[in-house]
Each structure stands twice: as C-alpha cells, then as structure tokens.
Amino acid sequence: MAQGQVNQYQSLNPQVPTLKRSPSFTSTHAKALKPFDSGDIKVLLLENINQTAIDILTGEGYQVEAHSKSLPEDVLIEKIRNVHCIGIRSKTQLTRKVLAEAKKLLVIGCFCIGTNQVDLEAAARQGIAVFNSPFSNSRSVAELVIAEIIFLSRQLGDRNIEMHQGIWNKVSAKCYEIRGKTLGIIGYGHIGAQLSVLAEAMGMTVYFYDIIQIMPLGTAKQVSTLDELLERSDFVTLHVPETEETKNMIGDAEINKMKKASYLINASRGSVVQVPALIKGLQSEHLQGAAIDVYPREPRSNGQYFNDELNSWTTELLKCKNLIMSPHIGGSTEEAQRMIGVEVATALFKYINYGTSIGAVNFPEIDLRAIQDTDKNSIRVLFAHQNVPGVLREINQILSDHNVEKQYSDSRGEIAYMMADISDVDENDIRKIYDTISSSKANVLTRIVY
Ligand SMILES: NC(=O)C1=CN([C@@H]2O[C@H](COP(=O)(O)OP(=O)(O)OC[C@H]3O[C@@H](n4cnc5c(N)ncnc54)[C@H](O)[C@@H]3O)[C@@H](O)[C@H]2O)C=CC1
Ligand SMILES: O=C(O)C(=O)COP(=O)(O)O
C-alpha cells in the first residue's frame, strides 16, 4: 500500500470516523499509526484539566472541548454521546447510565488518582479503557498532610480565623510540637509511603495499617490490625481508595478507639469517614482536632455553596473547634496538575492511535513493539472481546491468510483484548478483515490502525 494516500473506507470502525492512511515518513523508525482523520476525533475535557493535556491532544489533531466544571448528568449525557474520548477529575460521575449513552466512546482519562467515580466494569464491558495518573499528585497530598499535622498541633487554623476577625488570642495550652509524636497511616500506598518519609524527617514515629504486607520505608512499622493503629497514634491519617471495604471505615467505634486528645485527618475520599461520628468526637473533645479535604458530597464547581443542602451536618461541623477544612485540594498544585496532564493525555493518544493499554485500570494491559515505517502493508488489529473459549482460534483463522508478525492477548475478568500486527495486507483486505472480526459473536470492539 502506498503511504500518504487517503483510503476510501468511510467507516472501518463505526466508533471511529473516516479512516485515513498514515502520513509518509522518511526515517526507518516506529511508524505513527493514524488510521483515521485525527481531526474527527472528539475529546471532551471537564473539571479544569491542565493546559498540558489540551496541548498534547490538540497537537495530535483532535477536536478538544474543555470545560472548567463538571457537568450536570443530563448535559453530560448529551455531550458524551458524540465524543471518542473524555477526560475527567474526581467529580464527574461516569455511571452505568451515563456510559450506556456513550456509544462512540473509546477511552476515559481520569486526570487524578482515584477512579471510584467511574463504573469501571461497565466501561470494560463496553470496550472502553480507563486510564488514571497513579502517582503524579502523591507528593502534593503528602505535603498538605504534613502542613495539617502542624496546623492541628498548634491550633493554627483557629488562631488564623481569630486574627482575621481582629482577635488577639495568644495561647500555648494544648499546643504541641510534632517531634516525638506518633503518626498512624491507614493505607500505605503511594501517598501513605511518601508521607511516612516526610513525617519521620520531622521527628515523628510512624505506624501504618494496610490490607497487604508492605515493606516499610525508613523505620516505619506495619501493624496487623486497624484497632492497634488507632490505639497507638496521636494522629491518624487516611490514604485508602474508596472501595466497598473502606466506605464508612471510620465511625463511632473507631473514633472511640483512638487515643484521648488525638487528631484525625482525611484526604482520601469523603465516604471513608462518617462525619456525624467525627462531629461527636470533636464535640466531646475525645478528638483534639481534625482536618478534612474530602466530603461525601462536594460542589460541582467553584463558587457553589458548601452547606446543609449538600451535606445535612454542615452547620454542626462548622461549629467545631480546631477543624481544618479544605475544598479537595490535596492534589491541586501546579506541579501535580502539569504532570498529570502530560501523563494521562499521553496514555489517551497512545490508546487511540496505537491501541496501547498499558496503565489501564479496568482493561487487560497490552502493547506490541512498534510497526516500523519500513514495514509496508502492515496493519494492527485491536480486538476487545468477551473472555470466552474459542475466540482466538476463530480470529487466527481469519488472520491466517496474512502473515501475523506479532500478536499479544490478555484478559481481565470478563473482557479480553488482542493486538496483532499483520503484514502482507492488501488495501482491499482491510475492510474484509474488519467486517469478519467485528461480526464475530464475542466482539466487543474491533479497531484497525495502520
Ligand atoms: N485529596 C486529594 O486531592 C487526593 C485524594 N486521593 C485519594 O487517596 C487515595 C490513595 O491514593 P494512593 O496512595 O495513591 O493509592 P494507592 O493505591 O497507592 O494506595 C492505597 C493503599 O491503600 C491500601 N488499602 C486498600 N484498601 C484498604 C483497606 N480496606 N484497609 C487498609 N488499607 C487499604 C492499599 O493496599 C494500598 O496500599 C486515592 O485512592 C484517592 O482516593 C488521591 C490523590 C489526591
Ligand atoms: O487524585 C485524586 O484521586 C484526587 O482526589 C484529586 O482529585 P481532583 O483532581 O482534585 O479532582
């Protein structure tokens, strides 16, 4: 097949608009696989995703529509019907209902760590891969928590509010250094481990509780039960994902097990702490303070009210002393947002253009050595299918008229994904290959890039 020539197939893949040949290259390096007119790829970015991502995706030639807020469900549904790629942060809920409308969607980018806002199984069943940024904002969260430990210890939040009201209130009672105090970390992953190192550098003793055995950094020690961690710690901080097990993890019983006059910090997910129990703990002074960055229900955008309508306990909570509240800013730094923008946007275009799913959180992770620009008449078949017996036999039968240069397949739960680079493919064969594979019984989504 001559390179640089526009192919005539209008709809090799109903999910991807008009397909075109890749541009010609003079080097003998990896060939850029752009089987479609990039300008037809529509990307919707919500929640003020960093400019680095917009630059990368527009640089690929895609049409990018960016919004600073998350969208109400009806508007989201309207918009998601027409896009091939969506980028969100922690607010936008991509539920089964929303995804059912996303008929053209190929890929979702969570420009954050958490992916609990996406129905990952529903996405996989539709052949939609989901990517996130597993650690680009961990340092930012860890630094915020260090600041909060010091703020709580010195009642700095309350002193700051008083000064803003013109009140001079110089006190040392119940204000402490953090040196020599014990920090208990629940969830010793990217953030918990990073925090552990920073806390030890400040002279704290660190214990952690996690459901898996993890090698401690520095002199931190893993404890075997949550109760032990709660009983030992002056500060308890949560760094677990939102899962069925972590929902409501901290309630009355857990707070009562914490040391008298200890502190609780939550920068994980709002569902992890039962706020009425926290309020009780603060009111009774069993807890000496708390810092919260995340809430069960959070406003969709800046400028919206944070009040009892959103969470019925808000007024009670706001009356508590030595309580630091922040608007879900754990990962909100220039450094983190820039890195996340680059990382997730890169994963998105690699998936769209090459089918590479390495780093996907709901999909089999596969990739192949690149097709070289000297490899004429080569195509890449991308086949997401139901994970049932006999599918590969059927597909390899279809491919057997050509030379399979390389092939990789993997499965994850109900979904399997195969990538195969085929040479000796005549231009007229491409539609036939596409039609035959995509009409197989197990087909979820077939794409061909070349
Ligand atoms: N406030 C903010 O802006 C941010 C909040 N987050 C939240 O922090 C969470 C943690 O982030 P990472 O440290 O990057 O995640 P990670 O996946 O690296 O670590 C989570 C750790 O929690 C452990 N874990 C899971 N279930 C547990 C349970 N039931 N009990 C004890 N440990 C459990 C895991 O084994 C893992 O070691 C994210 O899932 C996200 O929800 C993340 C970034 C920013
Ligand atoms: O990375 C995460 O999981 C966070 O919670 C940060 O979310 P955000 O990007 O600030 O909406």
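Reader: Which helices and strands each supply at least two residues of the lining of the second largest cavity?
Author: The model is predicted. The second largest cavity holds about 60 Å³ of space, and 13 residues line it. The elements that each give at least two residues to this lining are β10 (262-266), α10 (275-283) and β11 (287-292).

Reader: Which residues of that lining are the closest to the centre of the second largest cavity, and how many of the lining residues are charged?
Author: The closest to the centre are N266, V273, V275, L278 and I292. By type, the lining divides into 11 nonpolar and two polar residues. The number of charged residues in the lining of the second largest cavity is therefore none, since Asp, Glu, Lys and Arg are the ones that count as charged.

Reader: How many residues of the lining of the second largest pocket are charged?
Author: The second largest pocket has about 590 Å³ of space. It is lined by 25 residues, with S90, K91, Q93, P296 and E298 nearest its centre. The lining has eight nonpolar and 10 polar residues, and the charged ones number seven.

Reader: Is V197 buried, partly exposed or exposed?
Author: V197 sits in helix α7 (residues 190-201). On the surface, V197 forms a nonpolar patch with M215 and L217, and together they have about 290 Å² of accessible area. The relative accessibility of V197 is 43%. Buried means under 20% and exposed means over 50%, so V197 counts as partly exposed.

Technical notes: Residues numbered from 1 in each chain as written. Chains lettered and ligands numbered in written order. Predicted model: local features only at pLDDT ≥ 70, side-chain atom pairs only at ≥ 80, totals over all residues. Heavy atoms only, no water. 1 Å grid on protein atoms, 1.4 Å probe; cavity = no way out; pocket = protein on both sides within 12 Å on 5 of 7 lines; lining within 4 Å. Points joined across faces, edges and corners; volume = space filled by probe spheres on them. Helix = DSSP H or I, 4+ residues; strand = E, 2+ residues; numbered from the N terminus. Patch = residues over 30% accessible without salt bridge, like charges linked within 9 Å, V, L, I, M, F, W, Y side chains within 5 Å. Areas by Shrake-Rupley, 256 points an atom, 1.4 Å probe, with all protein chains shown as cover. Salt bridge = Lys/Arg side-chain N within 4 Å of Asp/Glu carboxyl O. Buried < 20%, exposed > 50% of the residue type's maximum accessible area, 1.4 Å probe, protein only.
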